[in-house]
Amino acid sequence: MAETVLDYEAEAAHYDRTRGGVPRAEAAARAVLSLVPAGTRTLLDLACGTGLVTERLARPGLGVYGADAAHAMLRVAAERVPGRTVRADARRLPLPDASVDAVSAVWLLHLAPFAPEIVAEAARVLRPGGVLVATVDKDAAHDVGSDIDEVLRPLRSAAPASDRADLVTAHAAAHGLDPLSSAHFTGHGQGATPRDTARKLRAGYFASWFSGDPATTETLAAALDALPDQDRRRPDPRYRLASFVRRG
Ligand SMILES: C[S@@+](CC[C@H](N)C(=O)[O-])C[C@H]1O[C@@H](n2cnc3c(N)ncnc32)[C@H](O)[C@@H]1O
């Protein structure tokens, strides 16, 4: 399995329930489709996870496929999009050059220290004129303007997130992908609570943009512990999708 911060083999059992379920998946799929040009016939959903978003991308005339590195996630996806899933590392897809019309990557690039390689691989498999649609600035979408955000802000400025929009745009440009458009979707049920954020911080969940020393981590986690309404969710985040078109 590819290196990721979370163990998605273990996450699969409760992934859908904890990631906003159908409302989040519908919102994400709608936003992805809003960036996919009419006439697109094949779409590869990278890091398809349990396929909750993937199955909602299917449309008459559009063949949707899913790829993911985690067996357990893919097993669930295979029930949702039968015969259309493949276990693959997004950095090494089992596809020829210029073979698909669109690639989506919802909630992938923020996880991966190797985001540039994923963007390069997506560019390789896209035909000229094809589009890549990917979430950017994922973690920064959380807690904007909330008390949790106040605590975490120093971490966010300490190191760039792997899915920071300007970095993804630069990786894309280096591989023949030009910026095209963007869209947003609501992360239903994804508003953070202080208690859960502190738990994630201590567990290293934010390691893609913060590799702080244990003392700093504990100081910030203690600040989260001290916030009021420990189990009250702050507002749902709005996630951004950016799209890029493959030069001809
Ligand atoms: C946060 S989940 C997103 C799943 C799905 N896109 C969604 O929106 O529900 C991240 C997924 O990325 C997959 N993943 C992480 N690194 C990967 C890699 N290098 N190649 C393929 N999949 C990867 C994980 O197994 C996991 O299923």
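Modeller: Please bear in mind that this is a predicted model. To begin with the ligand, one of its oxygen atoms lies 3.0 Å from a polar side-chain atom of Tyr 15.

Biologist: How far is the polar side-chain atom of Asp 68 from an oxygen atom of the ligand?

Modeller: That distance is 2.6 Å for Asp 68. Ala 47 contributes through its backbone: an N or O atom there is 2.7 Å from a nitrogen atom of the ligand.

Biologist: How much of the ligand's accessible area does the protein cover?

Modeller: On its own the ligand has 600 Å² of accessible area, and the protein covers 99% of that.

Biologist: Which residues come nearest to the ligand?

Modeller: There are 22 residues around the ligand, and those that come nearest are Arg 24, Ala 47, Asp 68, Ala 90 and Val 106.

Biologist: And what is the make-up of that shell by class?

Modeller: The shell comprises 17 nonpolar residues, two polar ones and three charged ones.

Biologist: Turning to the helices, at what angle do α6 and α9 pack?

Modeller: Helix α6, residues 147-158, packs against helix α9, residues 214-225, at about 170°, and their axes are 9 Å apart. An angle over 145 degrees counts as roughly antiparallel, so α6 and α9 are roughly antiparallel to each other.

Biologist: Which residues meet there?

Modeller: From α6, Ile 148, Val 151, Leu 152 and Leu 155 meet Leu 220, Ala 223 and Leu 224 of α9. By class, this contact has seven nonpolar residues, no polar and no charged.

Biologist: How does α8 lie against α9?

Modeller: Helix α8, residues 194-203, crosses α9 at roughly 170°, with the axes coming within 8 Å. This pair, α8 and α9, is therefore roughly antiparallel.

Biologist: What classes of residue make up the contact of α8 with α9?

Modeller: The residues there are seven nonpolar, two polar and three charged. Among them, Thr 197 and Arg 202 belong to α8, while Glu 218 and Asp 225 belong to α9.

How values were computed. Residues are numbered from 1 along each chain as its sequence is written. This is a predicted model: local features need pLDDT of at least 70, side-chain atom pairs count only at pLDDT 80 or more; totals for chains, interfaces and linings use all residues. Side-chain values use heavy atoms; hydrogens and water are left out. A residue is near a molecule or strand if one of its heavy atoms lies within 4 Å of it. A polar contact is a pair of N or O atoms within 3.5 Å; within protein, one must be able to donate a hydrogen and the other to accept it, and residues adjacent in sequence count only if both atoms are side-chain atoms. Accessible areas come from the Shrake-Rupley method with a 1.4 Å probe; for residues, only the protein chains shown count as cover. Ala, Val, Leu, Ile, Met, Phe, Trp, Tyr, Cys and Pro count as nonpolar, Asp, Glu, Lys and Arg as charged, and the others, Gly among them, as polar. Axes are lines fitted to C-alpha atoms, for helices over the stretch in contact, and angles run from 0 to 180 degrees between N-to-C directions. Helices (H or I, at least four residues) and strands (E, at least two) are DSSP runs, numbered from the N terminus. Angles under 35 degrees count as roughly parallel, over 145 as roughly antiparallel, 65 to 115 as roughly perpendicular and the rest as oblique. Contact means heavy atoms within 4.5 Å.
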